[in-house]
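Colleague: I have a model open on my screen and would like to learn how to read it. Could you walk me through it, beginning with the metals?

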Amino acid sequence: MHTADRRSAVDAVMDTVATAAPQIRQGLVGRRTKVDEENPSGETQAAADVWADKLLENAITAIDGVGQYASEEREDIVECGEGVSVAVDPLDGSSNLRPNAAMGTIVGIYEQPLPAKGEDLVAAAYVLYGPITTMTVARDDTVTEYEISDGERSVVREDIVLPDDPVVYGFGGRVPDWPGDFEAYAREIEDELKLRYGGAMISDVNQVVTYGGIFAYPALESAPNGKLRLQFEGIPIGYIIETAGGASSDGDRSLLAVEPTELHQRVPVHIGNEALIERLEAALT
Ligand code: AHG
Ligand code: MN
Ligand code: MN
């Protein structure tokens with residue numbers, strides 16, 4: 001795909017997601033109930049999960065220059081022409097719908113057919129439905145944060161880098177389910193940083209981008225590959241954090257170096273300041 005065509009496809013996908021964000025936010029109203037369907041990861045879906053996925057599928061597959069659409073909410077890839085492949089987590093943290101807490105949307109744009117690895121990623125972004133709707137975009141080796149109002153995005157931060165001195169941490173899973181080596185690391189971090197864990201990866205990751213620190217949904221005794229999905233969560237977020245000068249890891253290597261073997265595979269996710277990720281990899285035997 002020619003660079004110019006790829007760039008315009010990335011522009012179009014980012015504009016489409018920015019336009020969809022207020023619609024998704026508004027569409028959460030009245031869609032907080034669970035539906036009796038499961039997603040390909042075997043998780044019960046919220047009405048909003050299904051609805052946001054349909055909205056994004058319709059909008060993104062209509063873009064000239066997009067060849068594939070995939071989401072964590074649907075088993076199969078939608079073939080829609082020639083061009084980039086777009087992998088979406090339509091609603092991240094949908095268990096936060098009931099308590100009306102923050103949620104997000106994650107987008108990864110790959111230049112190879114899915115399932116694709118981190119080196120095939122050409123851009124990634126997340127929308128955060130917080131008090132304000134913001135969109136954080138990593139492309140062209142830089143990270144930019146926008147505020148979204150009425151579908152218009154305005155730049156609020158450019159060339160974002162993680163602060164050098166880490167402040168916050170957030171670790172998912174239940175403590176008794178943490179493997180011993182991760183638990184020992186977590187105990188050290190608990191003595192050094194402030195807890196910020198809200199149950200939606202995007203909100204917790206945005207704390208790390210803002211204040212510096214570490215977020216992890218680690219391997220668990222009951223789930224050695226953790227909970228988060230490589231294609232839809234791990235790789236796009238790893239790309240954003242690494243573009244902002246931080247590091248990512250599945251416990252051994254960058255999330256961008258993990259080879260996807262199937263579209264919905266899970267991966268342990270650790271992201272944050274480089275020194276904290278290096279300490280983590282040393283701690284995991
Ligand atoms: P999703 O709603 O897209 O399935 O993502 C939920 C994920 C992630 O956002 C968050 O970090 C994690 O689930 C929270 O899991 P716990 O409820 O086990 O803490
Ligand atoms: Mn998610
Ligand atoms: Mn989701």
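Modeller: A metal site is read from its donors, meaning N, O and S atoms within 2.8 Å of the metal (3.2 Å for Na, K and Ca); water is not among the atoms, so sites may look incomplete. Here the manganese ion (ligand 3) is coordinated by E72 (OE), D89 (OD) and L91 (O), at 2.1 to 2.2 Å. Along the chain those donors follow the spacing E-x16-D-x1-L. This is a predicted model, in which local features need pLDDT of at least 70 and side-chain atom pairs count only at pLDDT 80 or more, while totals for chains, interfaces and linings use all residues. Residues are numbered from 1 along each chain as its sequence is written, chains are lettered from A and ligands numbered from 1 in the order in which they are written, and side-chain values use heavy atoms, with hydrogens and water left out.

Colleague: Which parts of the chain do E72 and D89 tie together?

Modeller: E72 lies in the loop between β3 (66–71) and β4 (78–79), and D89 in strand β5 (residues 84–92), so the pair ties together parts that are 17 residues apart in sequence. Strands (E, at least two residues) and helices (H or I, at least four) are DSSP runs, numbered from the N terminus.

Colleague: Are E72 and D89 buried or exposed?

Modeller: Buried means under 20% relative accessible area, exposed over 50%, and partly exposed in between (1.4 Å probe, protein chains only). E72 counts as buried at 3%, and D89 is buried at 0%.

Colleague: What does D89 bridge?

Modeller: D89 bridges the manganese ion (ligand 3) and the manganese ion (ligand 2), which lie 3.7 Å apart. The manganese ion (ligand 2) is coordinated by D89 (OD), D92 (OD) and E233 (OE), at 2.0 to 2.1 Å. D92 lies in strand β5 and E233 in helix α5 (residues 230–243), so this pair ties together parts that are 141 residues apart in sequence. Both D92 and E233 are buried.

Colleague: Which residues come nearest to ligand 1?

Modeller: A residue is near a molecule if one of its heavy atoms lies within 4 Å of it. Of the 17 residues around ligand 1, D92, G93, Y197, M201 and Y217 come nearest. Then look for polar contacts, which are pairs of N or O atoms within 3.5 Å; within protein, one must be able to donate a hydrogen and the other to accept it, and residues adjacent in sequence count only if both atoms are side-chain atoms. An N or O atom in the side chain of Y217 is 2.7 Å from an oxygen atom of ligand 1. For K227, a polar side-chain atom lies 2.9 Å from an oxygen atom of ligand 1. L91 has a backbone N or O atom 3.2 Å from an oxygen atom of ligand 1.

Colleague: And how do I read a sheet?

Modeller: Strands of a sheet pair through backbone hydrogen bonds, either parallel or antiparallel. Two strands count as paired if DSSP finds at least two bridges between them. An open sheet of five strands here has the order β12-β11-β13-β15-β14, with mixed pairing. β12 (194–195) and β14 (247–249) stand at the edges, each with a single partner strand, so one side of each is left without a neighbour in the sheet. β14 pairs with strand β15 (residues 269–272) in the antiparallel sense over three bridges, and A247 stands opposite G272 in β15.
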